[in-house]
Amino acid sequence: MMSKKKVVVTLLMALGYAAFAASDGWRLFRSSTGFSVSYLGTWVRNGASTDRLQVRSSKGGAEGVGIKKGQAEITVMEAPESSKQTLAHVIAYYTQDTTVLSQKDVSGEAGPHSCSNLKEVISRESSIPPGDSPISVPAIINTDFFCEVDGRKIVTLLRNWEGDKRQQEYQQVALRMTKEIRITAQEGAR
């Protein structure tokens, strides 16, 4: 249980953070599982889930694969059973059935209740199961960010089509979102 002083400090930090986020075109999402994250206000919320944030770079989508050509999707959520798994286990789970292209540590200062031990993993996967199409189909590039926040594992998943000229821009948005993740409720208090 958090002390009253810690609750007040956390609340004041969250309010100040929300004011900053709103002032530069970013919106604040608060999950039902106790984390918050800001997302670019020009991106469109997808779905009504309260335990995760899912946004797309534009309206609409493509049937089956979710994103249309020239569109990206970012999902931020807490990994299932995150307190019981290592970050390496979480990364292995989310990259199964993909070809990992790169993996690196991302530096940056972690504030209270924010991401530490931040990892970036870029992988490639087929947009449809192999053998389901007689012709070659474009692949999906995943840029995933994994971090620990107060012992919990939070995952930011970016998906875009291979060869998309805006991929670097999407990656910058996803990284900023990840760096702005905060825990708003301690695990025992949920």
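The largest nonpolar core here holds 25 residues, and Val 37, Leu 53, Ile 74, Val 76, Ile 154 and Met 177 are the ones with the most contacts inside it. A nonpolar core is a set of buried Ala, Val, Leu, Ile, Met, Phe, Trp, Tyr and Cys residues joined through side-chain atoms within 4.5 Å, with buried meaning under 20% relative accessible area (1.4 Å probe, protein chains only). This is a predicted model, where local features need pLDDT of at least 70 and side-chain atom pairs count only at pLDDT 80 or more, while totals for chains, interfaces and linings use all residues. Numbering starts from 1 along each chain as its sequence is written, and side-chain values use heavy atoms, leaving out hydrogens and water.

- Strands S1 (26-30), S2 (35-40), S4, S5, S8 and S9 plus helix H3 each give two or more residues to the 25-residue core; helices (H or I, at least four residues) and strands (E, at least two) are DSSP runs, numbered from the N terminus.
- H3 gives the most to this core, with 4 residues.
- Apart from it lies another core, of 10 residues, including Ile 91 and Phe 146.

**Sheet**
- An open sheet of 7 strands runs S3-S4-S5-S9-S8-S7-S6, with antiparallel pairing (two strands pair if DSSP finds at least two bridges between them).
- S3 (44-45) and S6 (99-105) stand at the edges with a single partner strand each, so one side of each has no neighbour in the sheet.
- S4 (residues 52-56) and S5 (residues 72-78) are joined by 5 bridges, and Arg 56 stands opposite Glu 73 in S5.

Key
Buried means under 20% relative accessible area, exposed over 50%, partly exposed in between (1.4 Å probe, protein chains only).
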